Amino acid sequence: MSILSTHFLWGGAWAANQVEGAWNVDGKGLSVADVATFKPNLDLQDYAGHNHISMEKVDYAIKGENIAEFPKRRGIDLYHHFEQDIALFQEMGFKALRISIAWTRLFPSGEELEPNQDGVAFYHRLFQVMKSANIEPIVTLSHYEMPLNLAVKYNGWANRRVIDDFVRFSTVCFKEYGQYVKYWLTFNEIDSIVRHPFTSGGIIPDQIEQGKELETIYQALHYQFVASAKVTQIAHKLITGSQVGCMLTKLTTYPNTCKPQDVEKTLKRNLDNLFFSDVQVFGKYPPLVLKRFERLGLHIEMTEEDLQIIENNTVDFLSFSYYMSLTEAVSDNNEKTAGNTVMGVKNPYLPSTEWGWQIDPLGLKISLIELYDRYQIPLMIVENGMGTVDKLTEEGKVHDDYRISYFREHFKAMISAVEEGVELLGYTSWAPIDLISASTSQMSKRYGFIYVDQDDFGRGTLKRYKKDSFEWYKKVIASNGEDLA
């Protein structure tokens, strides 16, 4: 008998902006994702979160008509293929599917007082198809797709008024889709606003007062904390039995050596990572973070009402992404490598993907134990996977043993953590079907169990093909994690 609960939520995860396409269909407005351009060769500046976004580039993108230049505008055209794709997930035995709702399908500019009914109707159709397939939705309200208008007009989450816009959008989601959805996530990787403020927060760097960059980002983060708490309260009020979670980029970091200075630097890096979930789980800012704000001279506006809302509306569970681990060192002479929107010191004991992300299954177990010991609330793994270059054979096959091996070892680590007492609600892979990469806007960086015939420039038939990993994951789900052969 499997150690996992019979209600364990096996499935996959995607973001609307990476799959839906149909960027200008049925009244949808432009989002921050719709101005993302193809950039396969990220450098250190990109991973540090600067993103090279300027008002000039945003203006250019708004006028841009070359669809090949803006891959997230086309996605994989899931808007017109979702019934076919849900049927494939049903064939695999999915228990759950994590999706996001594109804010600009419901509120094209973000400022409308009433939602766009064509956008509302699309998600009703999607949820009805999921329901008929017995697939539980896990819905992210904000996944790197805020209205571009709010970024241009108000510099996104740097403006307190955006809280009300987000609450209005979220309330419509709860009222329209609460009949289908029990599990909600407020902000995808809420910590990411520090690393990529435009994608995550709609903040355009050259719209910030010089010298106020860091203060502006943490002010925007505070407004997201307030908004998250407010919509958590509303969800609990409107949807009986609803469960609302926060979502963290789990950036597990080891000391590069046992030198005490490396250990200290690693400790601080890991504490920085956990700060974001601390606020949403415990309902309070950690004292060390407040002291750091003071030390850096950051003046973050926090009203008593803000702090009360955050304290009184903590989350029901913690979800997180986990792709890799990194190491930390005080020396600048160590080789660096990339991770999930971060750079770190390369670990000589681990292999890497083609994009330099280090493969560390045991790090997932370490992360689960660390998070559960710290928070003692249910956990959910909502992103985990391996981006690779896949080859489609003339017979329409993709032999991805490397992906099967990746998942097999991560599942073993996950199950081992559950055996040691971690309470885990589910696991959704990133991603169940090939999609446009969040960071590089590439199609060639493939994650799915399903191959989509499209290249980096939008050429292809969009036909779907089952990879070898499709049948393997199907077998894993059917055995509830017992058959990992």
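Which residues does Ile309 touch, not counting residues up to four places away in sequence? The first legend below answers this, and each view shows part of a predicted model.

**View 1**
Ile309 touches Val226, Ala229 and Lys230 when residues up to four places away in sequence are not counted. Ile309 is buried, its relative accessible area being 14%. The C-alpha atoms of Ile309 and Ala227 are separated by 9.2 Å, and the two residues are 82 apart along the chain.

**View 2. Buried and exposed sides of helix α12.**
Val289, Arg292 and Phe293 are the buried residues of α12. Seen down the helix axis, these buried residues fall within an arc of 100°, so they line one face of α12. An α-helix has 3.6 residues a turn, so residues three or four places apart point the same way. The cover over the buried residues of α12 includes α10 (213-238) and α11 (260-282). Pro287, Leu288, Glu294 and Arg295 are exposed on the other side of the helix. Just after α12 comes Gly297, with a positive phi of about 70°.

**View 3. A nonpolar surface patch that includes Leu288.**
Leu288 lies in α12, the helix of residues 287-296. With a relative accessible area of 63%, Leu288 is exposed, because the cut-off for that class is over 50%.

**View 4. Strand β1 and its two parallel partners.**
Strand β1 covers residues 9-13, and five of its five residues are buried, so the strand is largely enclosed by the rest of the structure. Five bridges join β1 to strand β12 (residues 424-430), and the two run parallel. Within this pairing, Gly12 has Ser429 of β12 as its bridge partner. Strand β2 (residues 96-100) also pairs with β1 in the parallel sense, over three bridges. Here Gly11 stands opposite Ala96 of β2. In a regular strand the side chains alternate between the two faces of the sheet.

**View 5. The salt bridge between Lys153 and Glu111.**
The side chains of Lys153 and Glu111 meet in a salt bridge with an N to O distance of 3.0 Å. This pair links distant parts of the chain, 42 residues apart: Lys153 is in helix α7 (residues 148-154), while Glu111 is in the loop between α5 (103-106) and α6 (117-132). Glu111 is partly exposed, at 22% relative accessible area. The structure holds 30 salt bridges.

**View 6. The salt bridge between Lys212 and Glu215.**
In the salt bridge of Lys212 with Glu215, the closest N and O atoms are 3.6 Å apart. Lys212 is partly exposed, with a relative accessible area of 30%. Glu215 counts as buried at 16% relative accessibility, because the cut-off is under 20%.

**View 7. A salt-bridge network that includes Arg403, Asp400 and Arg446.**
The side chains of Arg403 and Asp400 meet in a salt bridge, at 2.8 Å from N to O. Arg403 and Asp400 are both buried. Salt bridges that share partners join Asp390, Asp400, Arg403, Asp434, Arg446 and Lys467 into one network. Side chains of opposite charge can pair when their charged atoms come close. Arg446 lies in the loop between β12 and β13 (450-452). Arg446 is buried, its relative accessible area being 4%. Not counting residues up to four places away in sequence, Arg446 touches residues that include Asp390, Arg403, Asp434 and Lys467. Its contacts also include Met386, Gly387, Thr388, Tyr451, Val452 and Gln454.

**View 8. Thr440 and Phe38.**
Thr440 is found in the loop between β12 and β13. At a relative accessible area of 1%, Thr440 is buried. The C-alpha atoms of Thr440 and Phe38 are separated by 6.1 Å, although the two residues are 402 apart along the chain.

Definitions and conventions:
Residues are numbered from 1 along each chain as its sequence is written. This is a predicted model: local features need pLDDT of at least 70, side-chain atom pairs count only at pLDDT 80 or more; totals for chains, interfaces and linings use all residues. Side-chain values use heavy atoms; hydrogens and water are left out. Patches are made of residues with over 30% relative accessible area and no salt bridge: like charges are joined within 9 Å, nonpolar side chains (Val, Leu, Ile, Met, Phe, Trp, Tyr) within 5 Å. Accessible areas come from the Shrake-Rupley method with a 1.4 Å probe; for residues, only the protein chains shown count as cover. A salt bridge is a side-chain nitrogen of Lys or Arg within 4 Å of a carboxyl oxygen of Asp or Glu. Helices (H or I, at least four residues) and strands (E, at least two) are DSSP runs, numbered from the N terminus. Buried means under 20% relative accessible area, exposed over 50%, partly exposed in between (1.4 Å probe, protein chains only). Two strands pair if DSSP finds at least two bridges between them. The arc is that of the directions from the helix axis to the C-beta atoms. Contact means heavy atoms within 4.5 Å.
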